[in-house]
Amino acid sequence: MDLPDVGIPPQLARRMSMAEQHEYLRTKLTRRRTLVTAGAVAGGLLTGCSTDGNGSSPRTTAASASATGKAPGSAVVPFGRHLAFGADPRTQMRISWQVPAAVRKPYVRIGARPDDLGRKIEAEVRDLHTPGVTGVRPTLDQYYVHAALDDLLPGTTYYYGVGHDGLDPAAPEHRSTIASFRTAPTRPERFVFTAFGDQGVSKAAAANDDILLKQNPAFHLHAGDICYADVNGRGEKADGYDPAYWDLFLKQNEQIARSVPWMVTTGNHDMEAWYSPEGYGGQLARWSLPDSGFDARTAPGVYSFVYGNVGFVALDANDVSYEIPANLGHTGGKQTAWLDDRLGELRKAVDFVVVFFHHCAYSTSAHASDGGVREEWLPLFAKHQVDLVINGHNHVYERTDAIKGGEVGRRVPIGASTDPTRDGIVYVTAGGGGKDLYGFPAGAKESYEGHVRDVDSVDTFQWTRSRATKAETVEWSRVRYRGFSLLKVEAESGSAPRLRVSALAQNGERIDHFEVRRGA
């Protein structure tokens with residue numbers, strides 16, 4: 001029998017918050033499922049169906065509970081392995097992966113050598129059900145598996161394999177699947193991390209992965225708009241959505257993410273109203289991220305961790321965005337209060353503080369700057385003297401001078417050094433992760449290493465609370481590059497700690513570099 005469409009009319013979706021859209025969808029799906037079930041039972045068509053009652057929320061099951069699949073365990077091959085730190089990167093790692101069908105008793109084997117995986121750790125399955133839409137996509141069940149590794153030794157390389165009943169990664173025929181990771185050191189030492197946003201699934205995204213891997217990073221920061229399963233990114237139920245893109249994304253990035261912790265946060269394309277009121281049920285199913293004292297159930301992209309002499313803070317900019325207000329204010333100010341406390345704690349404990357989130361505080365490209373980000377968070381960044389801010393959202397590379405009080409505190413040309421205690425904060429838009437590229441306003445020519453074209457000012461705009469745009473002419477846009485790229489940062493400790501920041505084009509050539517030193 002034909003099934004009715006379950007979307008929300010676009011004109012209605014634009015007036016609804018994420019929570020309102022989720023409730024609309026849940027109610028409509030409940031009515032739809034009642035009709036389908038009645039018809040199917042009458043015709044003897046449905047047997048053994050598994051639902052969560054509303055067809056929307058990700059379900060966390062015990063390690064042995066996902067045993068309804070008919071395929072034998074030996075035929076179910078794990079894929080899409082991705083790592084993330086726990087709250088303490090020195091002793092905690094989270095290993096996640098996907099299986100194409102339900103399995104029994106998933107687990108991780110780890111050890112000090114690839115031929116000695118003696119420690120066995122049980123895992124949990126978080127299954128995600130996405131109802132189909134007639135003529136658009138079929139119903140899809142996805143199974144994400146997560147294992148929490150605690151009590152690890154700092155500065156140690158571990159080897160691991162993932163398996164379940166019927167598939168042992170330590171068996172000779174599966175030895176080629178063994179991967180490794182390294183925990184953070186006990187004491188600060190030199191390390192490299194990389195960053196970008198707006199990746200998606202494409203040849204360009206895969207090519208960026210290749211460049212990233214050559215940098216040998218200790219971990220990678222992903223500033224949101226991870227996969228683009230939600231095509232439009234307006235936080236509307238009318239957005240085109242295909243959850244199968246997540247399968248492609250995790251397969252694409254496995255070559256790196258299986259060994260390099262992939263620390264993600266949420267962008268506007270990561271709000272998926274199918275699964276939970278705030279749109280993050282899918283994120284909760286797919287990722288295991290650090291528990292930093294903030295409620296991960298409502299904002300999984302909000303957390304912090306310390307690696308070496310640097311503290312990192314991930315934020316959910318959907319909570320403060322004026323441009324795309326579907327989740328505006330959804331934490332009720334709790335995220336901003338947590339940010340104030342956390343920055344204060346980190347400032348006392350580390351040499352440098354790096355903050356990353358999706359929507360731009362300062363950019364001149366297509367989305368320009370978000371006034372909500374500026375109003376809510378920039379006073380806290382200044383108060384706690386944040387050393388570097390990394391954004392995505394605009395699909396370009398753009399870097400500011402040091403900004404203090406909304407104006408240029410100090411020019412930072414390519415190759416220069418800056419001191420946040422004196423000059424202000426440098427903001428980097430690293431949105432060239434792999435999705436279709438944007439441009440810059442007329443008169444704002446590209447300007448990057450080896451191709452410097454300085455301009456006195458750029459005409460751009462910022463988003464206001466009313467969702468109107470406010471024109472502004474700015475002098476802080478220092479480096480502009482319209483191409484796929486990534487950020488590479490070397491952190492050095494010791495008597496003269498510094499962050500050596502570089503931007504790399506997809507051909508590996510450097511397009512920008514500068515240094516951050518405190519009290520220099």
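**Exercise 1.** Does Gly344 count as buried or exposed, and at what relative accessibility?

*Solution.* This is a predicted model, in which local features need pLDDT of at least 70, side-chain atom pairs count only at pLDDT 80 or more, and totals for chains, interfaces and linings use all residues. Residues are numbered from 1 along each chain as its sequence is written, and side-chain values use heavy atoms, with hydrogens and water left out. Begin by placing Gly344, which lies in helix α6 (residues 334–349). Next, take its relative accessibility of 16%, so that Gly344 counts as buried (buried means under 20% relative accessible area, exposed over 50%, partly exposed in between, with a 1.4 Å probe and protein chains only). Finally, look along the chain to Gln385, 41 residues apart from Gly344, where the two C-alpha atoms are separated by 9.7 Å.

**Exercise 2.** Describe how helices α3 and α4 pack.

*Solution.* Two packed helices are described by the angle between their axes and the distance between the axes. For α3 (residues 203–214) and α4 (residues 244–257), the angle is about 5 degrees and the axes are 10 Å apart. The two helices are therefore roughly parallel to each other (angles under 35 degrees count as roughly parallel, over 145 as roughly antiparallel, 65 to 115 as roughly perpendicular and the rest as oblique). The contact (heavy atoms within 4.5 Å) is made by Ala205, Ala206, Asp209, Asp210, Leu212 and Leu213 of α3, together with Gln252, Asn253, Gln255 and Ile256 of α4. Sorted by class, these residues are five nonpolar, three polar and two charged (Ala, Val, Leu, Ile, Met, Phe, Trp, Tyr, Cys and Pro count as nonpolar, Asp, Glu, Lys and Arg as charged, and the others, Gly among them, as polar).

Note on methods
Axes fitted to C-alpha atoms, helices over the stretch in contact; angles between N-to-C directions. Helix = DSSP H or I, 4+ residues; strand = E, 2+ residues; numbered from the N terminus.
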